[in-house]
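Please keep the sequence and the model in view while reading the points.

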Amino acid sequence: MPRLALSDDFVADLISLQRPVQKEVNDTIQMFRSLTVPQLHASKGIHLEKLERARDPRIRTIRVTKFYRGVLLAPDDGSELFTLLRVAPHDEAINWACKRAYSVNGATGGLEVRNVEALEQMESYFETKAVRTPARLFAHHSDTVLRDLGIDEQVMRLARVCVTADDLTVMAPPMMPADQYEVLEYLAADYSPQDVWEQLIAPRGQTVRTADDRPAVTLSEAILNTPNSIVEVTGPGELERILTEDFVRWRVFLHPAQRRHAYHPGFNGPAQVTGGPGTGKTVVALHRVRHLLRTGREGDRVLLTTFTNAMAGALRDSLALLLGDADAQLLDRVDVTTVDSLAARVVRETRGSSPKPLSSAAEKSAWTRAAAREDLPWSERFLSQEFRNVVLAQGLRTPEEYLRCVRRGRGTQVGRVQRARLWRVMERFTEDLASRDSATYTMVCDQAARLLAEQGPRYRHVVVDEAQDLHPAQWRVLRACVAEQADDLFLVGDPHQRIYDSRVSLRSLGVNVRGRTSRLRLNYRSTEEILRWSASLLDGQPVGRLGEDDEDGGGRDSLRGYRSELHGRDPVARGHGNQDDELRALVEQIRTWVDQDGVKPSEVAVCARFNTLVDAVIARLRREGVPAVAVKDDPGPSVSGVRVATMHAMKGLEFRCVAVVGVTSNVLPFAPQVTPADEDAVQHRSDLLAEHCLLFVACTRARDALAISWSGERSRMLDPVTD
Ligand SMILES: Nc1ncnc2c1ncn2[C@@H]1O[C@H](COP(=O)(O)OP(=O)(O)OP(=O)(O)O)[C@@H](O)[C@H]1O
């Protein structure tokens with residue numbers, strides 16, 4: 001009987017087909033699997049055909065329906081393992097199949113694919129172009145070094161004519177084989193060959209450093225060496241499962257960079273994965289939880305945290321999907337929650353109740369009351385920031401500790417006398433809140449961290465999503481939840497998406513990830529056009545590395561190498577004379593997406609800075625007969641209607657089409673949210689950056705289409721993309 005494997009491209013095709021065609025694909029595959037190899041070759045129904053023009057002699061097609069063809073890679077190594085590569089309308093399938101060539105990567109031993117025809121064209125184009133420039137991108141790496149890292153002859157010739165990193169980007173996968181491209185990308189980013197070996201090749205199980213000493217790998221071995229993009233269909237029900245269970249690719253296919261961290265056998269301490277929006281950080285966190293559950297001992301509990309309750313709910317559902325029926329019982333060993341909810345639970349369990357959370361308006365009044373008897377030169381905002389970003393951030397208990405402390409992250413000098421006065425005000429603030437049985441979320445975390453430190457760890461592993469927005473008091477809760485040991489903490493986050501005011505030095509909080517970090521660069525969500533456009537909104541912004549705020553030597557993060565393999569239309573940015581015109585244009589835009597492009601209303605999102613505009617958008621859409629619902633009302637997936645939300649509420653979500661409205665100069669940046677530079681210069685820079693990040697987060701929620709609009713004066717934050 002032939003064995004059958006499915007490639008991720010095939011699965012992507014299959015998911016996008018209409019149900020009746022999916023059923024026919026399924027029937028064809030069942031028939032394929034029921035025949036012997038000689039019967040397969042003779043079968044008129046399957047019609048296994050070799051393509052005359054195919055660049056790879058192992059490529060075959062099979063008939064699925066009158067119009068659809070499957071593309072297969074037939075074995076040439078004596079095995080009976082066939083791989084289904086694509087399923088597409090006849091002409092598209094044939095055209096695709098003729099241009100591809102499959103090979104075994106010389107270093108990873110995995111199967112790889114290239115568009116051989118396009119690469120040949122690139123070769124002649126770049127050879128001519130490079131003649132004029134003597135400098136070459138990879139000149140300082142010898143052929144032997146490149147070959148040892150898996151670069152083959154064709155890719156070597158291309159590497160030799162690359163002058164800039166942009167030349168390389170033009171040949172990104174699916175044109176160039178993905179493993180080889182990644183090696184060149186790392187070298188272009190100044191990683192040493194040794195780093196590349198350690199980060200990309202060794203984790204794939206290769207132990208032989210030199211290409212000449214490695215044994216040959218057969219095609220079927222290579223297929224099984226490529227679990228990130230090929231899966232063998234083993235059980236009879238497997239294909240039905242793919243068809244019926246709302247199959248999502250991330251459950252099976254991980255990029256090697258994702259798999260390396262998600263399934264790492266064991267980190268000797270905290271580990272961290274960063275990456276731009278849509279690079280699959282949440283996916284990695286979910287797979288890591290699965291790995292820890294599967295390899296852990298009975299009774300080992302895992303904590304998975306994220307930023308909002310809604311996101312925690314979504315994470316729980318995704319984890320259940322990933323674990324499937326086979327591992328469903330493992331879910332009992334996981335808590336999926338926000339750090340704030342966990343902290344409130346710890347306080348409640350210990351003290352019998354937890355304080356009522358305080359709104360920001362109530363907090364401001366409490367500071368006014370606390371400062372009433374002092375003639376202070378500081379605003380309520382300053383007091384609140386001082387308390388949150390110095391006292392709670394450092395966990396200070398006594399006036400002496402406050403007098404002695406280094407006020408990291410604060411830009412104003414505060415002398416001894418002033419500190420004593422400030423401490424009195426802060427004491428009054430906390431006493432006042434205690435008498436009302438109320439506290440800020442950060443205060444509850446501060447309390448919970450202390451209680452946990454006394455009570456001891458509750459979890460064997462802690463996995464943290466959206467790590468960039470956690471406050472030091474929240475980190476102390478997490479640190480105290482788990483003992484310092486191997487695989488204690490696993491963090492994923494993106495400093496470019498930090499939209500809340502939290503400056504953190506992870507090292508000073510006992511979370512040292514040095515030597516256990518990795519960065520994801522491939523975006524799976526948005527088109528390259530949306531990515532480039534959105535990334536340029538942060539051009540020149542000083543984004544620090546995750547968890548290295550105020551540290552000596554804390555470096556800058558960058559979106560270098562961040563890319564997508566998807567392509568589509570350029571984002572549209574348009575100004576209007578007034579809000580009425582802007583909303584009229586919004587309705588038209590949504591109608592185009594829904595009526596012409598066939599996008600479901602629930603796959604369209606509109607976001608605005610504040611709830612007032614969110615409400616106005618919902619009212620307008622409904623008046624015009626466009627169904628609309630507020631994201632804050634938590635509409636389930638079955639509820640139809642355009643989703644409308646504030647920019648903050650868009651965190652972690654994604655939609656096919658996104659309209660960002662009301663991007664005016666008085667809303668972004670929003671002056672009351674930005675501390676004036678003369679009040680505190682450091683805080684000013686950090687608040688301003690958070691405003692830029694907020695717009696970046698909103699725009700990067702879009703998968704296929706993005707439209708930005710404003711009425712009146714456009715926000716200066718759009719300058720990089722509209723000038
Ligand atoms: N290996 C993969 N194969 C296919 N799709 C993937 C893969 N990894 C991630 N995705 C998809 O990419 C999208 C983004 O993934 P995810 O939400 O994990 O990214 P993220 O880095 O956490 O994003 P953000 O930081 O913007 O919230 C999702 O639709 C996810 O299903």
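1. Basis. This is a predicted model, in which local features need pLDDT of at least 70 and side-chain atom pairs count only at pLDDT 80 or more, while totals for chains, interfaces and linings use all residues. Residues are numbered from 1 along each chain as its sequence is written, and side-chain values use heavy atoms, with hydrogens and water left out.

2. Overall form. The protein contains 27 helices and 24 strands (DSSP runs of H or I with at least four residues, and of E with at least two, numbered from the N terminus). The C-alpha trace spans about 95 × 60 × 60 Å along its principal axes.

3. Ligand site. The ligand is surrounded by 21 residues, the closest being Phe253, Gln258, Lys281, Thr282 and Glu654 (a heavy atom within 4 Å counts as near). By class, this shell has six nonpolar, nine polar and six charged residues; Ala, Val, Leu, Ile, Met, Phe, Trp, Tyr, Cys and Pro count as nonpolar, Asp, Glu, Lys and Arg as charged, and the others, Gly among them, as polar. Helix 14 (residues 281-295) gives the largest share of the shell, three residues.

4. Ligand oxygens. Oxygen atoms of the ligand lie 2.5 Å from a polar side-chain atom of Glu654, 2.8 Å from a side-chain N or O atom of Thr282 and 3.0 Å from a polar backbone atom of Gly278. The protein covers 89% of the 640 Å² of accessible area that the ligand has on its own (Shrake-Rupley method, 1.4 Å probe).

5. Second largest pocket. Its lining comprises 48 residues, with His261, Gly515, Arg516, Thr517 and Ser518 nearest the centre. A pocket is an open set of points on a 1 Å grid over the protein atoms alone, with protein on both sides within 12 Å along at least five of seven lines; lining residues have an atom within 4 Å of a point. Helix 13 contributes the most to this lining, four residues. The lining divides into 14 nonpolar, 19 polar and 15 charged residues.

6. Largest cavity. Which residues lie nearest the centre of the largest cavity? Of its 13 lining residues, they are Glu182, His255, Ala257, Arg521 and Leu522; in a cavity, a 1.4 Å probe fits but cannot get out. Helix 9 gives the most to this lining, with three residues.

Definitions and conventions:
Polar contact = N/O pair within 3.5 Å; in protein donor to acceptor, adjacent residues only side chain to side chain.
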